[in-house]
Amino acid sequence: MSLKSKAREKVERAGISNYSFDQDVLVMCGNRYTVEVCDCGEPDCDGVRLLRDASVLAGRVLQ
């Protein structure tokens, strides 16, 4: 299963239906998240880490 598919499954499992992908970036409620492999080693980890896109945050701070 691809990382993008795992991220999609994670979002849908959380009950979120208003999302999309822009290339490999997850977009939810106007927020952009990079999708990365998680290797934390926790037994219940699904192997996906969503990190809020810092470049978008920086742009909002400057406005």
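Which residue in the turn between strand 1 and strand 2 has a positive phi? The legends below begin with that hairpin. This is a predicted model, in which local features need pLDDT of at least 70 and side-chain atom pairs count only at pLDDT 80 or more, while totals for chains, interfaces and linings use all residues. Residues are numbered from 1 along each chain as its sequence is written, and side-chain values use heavy atoms, with hydrogens and water left out.

**View 1. The hairpin of strand 1 and strand 2.** Gln23 is the turn residue with a positive phi, about 60°, and two residues lie between the strands of this hairpin. Strands here are DSSP runs of E with at least two residues, and helices are runs of H or I with at least four, both numbered from the N terminus. Strand 1 (residues 19-22) runs antiparallel to strand 2 and is joined to strand 2 by four bridges; two strands pair if DSSP finds at least two bridges between them. Asp22 lies opposite Val25 of strand 2.

**View 2. The hairpin of strand 2 and strand 3.** Two residues separate these strands as well, and Cys29 in the turn has a positive phi of about 50°. Four bridges hold strand 2 against strand 3 (residues 31-37) in an antiparallel arrangement. Met28 has Asn31 as its bridge partner in strand 3.

**View 3. The two faces of strand 2.** Strand 2 (residues 25-28) is covered on both faces, with Val25 and Val27 buried on one side and Leu26 and Met28 buried on the other. Buried means under 20% relative accessible area, exposed over 50%, and partly exposed in between, with a 1.4 Å probe and protein chains only. Of the 63 residues of the chain, 24% are buried.

View 4. The whole structure contains one aromatic pair. Rings of Phe, Tyr and Trp (its six-membered ring) pair if their centres lie within 6.5 Å; planes under 30 degrees apart count as stacked, over 60 as edge-to-face and the rest as tilted. Tyr19 and Phe21 are both buried.

View 5. The open sheet has four strands in the order 1-2-3-4, with antiparallel pairing. Strand 1 and strand 4 (48-52) are the edge strands, each pairing on one side only. Five bridges link strand 3 and strand 4 in the antiparallel sense, and Val35 stands opposite Leu50 in strand 4. Along the sequence, the chain reads α-β-β-β-β-α.
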